[in-house]
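Here's a structure that's new to you, so let's go through it by asking and answering. Have a look first, then we'll start.

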Amino acid sequence: MLRSVIAGSGSAIAPHRVTNDMLARIMDTSDAWIRERTGVETRYYVEPGTRTTDLGVIAAERALEMAGVAREDIDLVVFATMTPDQYFPGCGGLLQSRLGLRPVPAFDIRQQCSGFLYGLQLVDAHIRAGLARTALLVGAEIHSGFMPWGPGSWARLAGDVEAPLEPGEWETTTSVRHLTVLFGDAGGAVVITAADDGSRGVVDQALYADGTDAAKLCVPGNGFARRPYVDPEQIRRLEHVPVMDGRYVFKMATTRMTEAARALLERNGLTPGDLKLVLMHQANLRINEFVQRSLGLSDAQVCHNIQRYGNTTAATVPLLWDECVRGGRIEPGDAVLMVAFGAGMTWGATLVRA
Ligand code: UT7
């Protein structure tokens, strides 16, 4: 039976490191609050003008290098992102061209924080169906574009201006502080190859979506329910910034990630103790600690990097995978479970033999 093996991985971290204290210069927040409630200590932002595809290209080049795969061998591209370079066309085709790949099928998919897991299933289905043999799967995001901060805020964030922020702007930045402090910019990529050896590869996946409560985490503006789809009034009302019912999302994330992990393990005759490592989407360290306790996982079985990067949406799981492989925490044959929950609502779990 054909299996989809993750043959190489790579990451791209944005250049500008932003600490919690730096954020406290431009909104009513503190390092203590952010650490205690989320676990985030730093996140990284790109230079203005950097595109999501740029991060994807860097991560993909590193993944190709690790896999030892030539560009002409790639026969499928899947790009997971909710922050594309532009409305259309999507990042997949742009990445295909930037990397000099053959004109192979290229998909963009929009499953937000579950995007990497959905992408893995799409690639795995192509490989099992004989439609692809060597695929590139990318998850990349530039969230800094969501920040509704004017030039004065950016200058203070960078420490270029010391005078306090004008009160109106302080009020605006503070009104979305529960959201903005969480996110960072990054890209992750994996090369996935078809293998006949059943001992390695994607074993099984359980993915879910339920749009009933989509409005609890969404971007309310800039869509084609409006005419025109974007205008200055929508921006003035901050409708280009995601809205998030944090408590609701927190509760659903802990419940759904635990359920999906249990369901997948059970139908594969495994228990949490059989896993080498569990890679959870990095939205909030407290969410993941809760899931760890619910599943009865030891500290050695989980790995987090939200402290350094914040929530990077579709990039979190490939970033973790890449760090763990390069750090020797994942070795060929290890049973690894990936779990994610995000806007949509979408969620799921993927079981892989590394
Ligand atoms: O990838 C999926 C996307 N997102 C998530 O998974 C996020 C899930 N949710 C969460 O991570 C948490 O709900 C948050 C981190 C967003 C918020 O933490 P919380 O413990 O649920 O706080 P809260 O929203 O209940 O707010 C508690 C207080 C409020 O003040 P009052 O009303 O008690 O005076 C907030 O205004 O904390 C205040 N607050 C902040 N204070 C300082 C909210 N954000 C901040 C902040 N700094 N950044």
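Q: In this predicted model, which arginine side chain has an N or O atom 2.7 Å from an oxygen atom of the ligand?
A: Keep in mind that we're reading a predicted model here. A polar contact needs a pair of N or O atoms within 3.5 Å. The ligand oxygen and the side-chain N or O atom sit 2.7 Å apart, and the residue is arginine 37.

Q: What percentage of the ligand's accessible area does the protein cover?
A: Taken on its own, the ligand has 950 Å² of accessible area.

Q: Which element gives the largest share of the shell around the ligand?
A: The shell has 20 residues, and those coming nearest are Thr29, Arg37, Cys113, Arg247 and Asn284. Elements giving two or more residues are α2 (31–38), α8 (177–180) and α10 (246–267). With 4 residues, the largest share comes from α10.

Q: How many residues of the shell around the ligand are nonpolar?
A: Both domain 1 (3–195) and domain 2 (201–353) supply at least three residues to the shell. Sorted by type, the shell has 4 charged residues and 7 polar ones, while the nonpolar count is 9.

Q: Which element gives the most to the largest nonpolar core?
A: This core has 50 residues, and Leu23, Trp149, Leu157, Val278, Leu337 and Phe341 have the most contacts inside it. Elements that give two or more residues include α1 (20–23), β11 (277–280) and α11 (285–295). At least three residues come from each of domain 1 and domain 2. The top contributor, with 9 residues, is α10.

Q: Is threonine 174 buried or exposed?
A: You'll find threonine 174 in helix α7 (residues 167–175). Its side chain reaches the backbone nitrogen of aspartate 28 at 3.0 Å. The cut-off for buried is under 20% relative accessible area. Threonine 174 has 16%, so it counts as buried.

Q: Is phenylalanine 88 buried or exposed?
A: Phenylalanine 88 lies in the loop between β4 (76–80) and α4 (91–99), and a cis peptide bond joins it to proline 89. Exposed means over 50% relative accessible area. Phenylalanine 88 is at 68%, so it is exposed.

Q: Which proline is joined to arginine 227 by a cis peptide bond?
A: Look in the loop between β9 (217–218) and α9 (232–236), where proline 228 lies. The bond has an omega of about 0°, and the partner of arginine 227 is proline 228.

Q: Is threonine 313, with its positive phi, buried or exposed?
A: Threonine 313 lies in the loop between α12 (306–309) and α13 (316–326). Its phi is near 50°, a positive value in a residue other than glycine. Asparagine 222 also has a positive phi, near 55°, and counts as partly exposed at 25% relative accessibility. Threonine 313 has 0% relative accessibility, so it is buried.

Terms used:
Residues are numbered from 1 along each chain as its sequence is written. This is a predicted model: local features need pLDDT of at least 70, side-chain atom pairs count only at pLDDT 80 or more; totals for chains, interfaces and linings use all residues. Side-chain values use heavy atoms; hydrogens and water are left out. A residue is near a molecule or strand if one of its heavy atoms lies within 4 Å of it. A polar contact is a pair of N or O atoms within 3.5 Å; within protein, one must be able to donate a hydrogen and the other to accept it, and residues adjacent in sequence count only if both atoms are side-chain atoms. Accessible areas come from the Shrake-Rupley method with a 1.4 Å probe; for residues, only the protein chains shown count as cover. Ala, Val, Leu, Ile, Met, Phe, Trp, Tyr, Cys and Pro count as nonpolar, Asp, Glu, Lys and Arg as charged, and the others, Gly among them, as polar. Domain bounds come from an automatic or database domain assignment. A nonpolar core is a set of buried Ala, Val, Leu, Ile, Met, Phe, Trp, Tyr and Cys residues joined through side-chain atoms within 4.5 Å. Buried means under 20% relative accessible area, exposed over 50%, partly exposed in between (1.4 Å probe, protein chains only).
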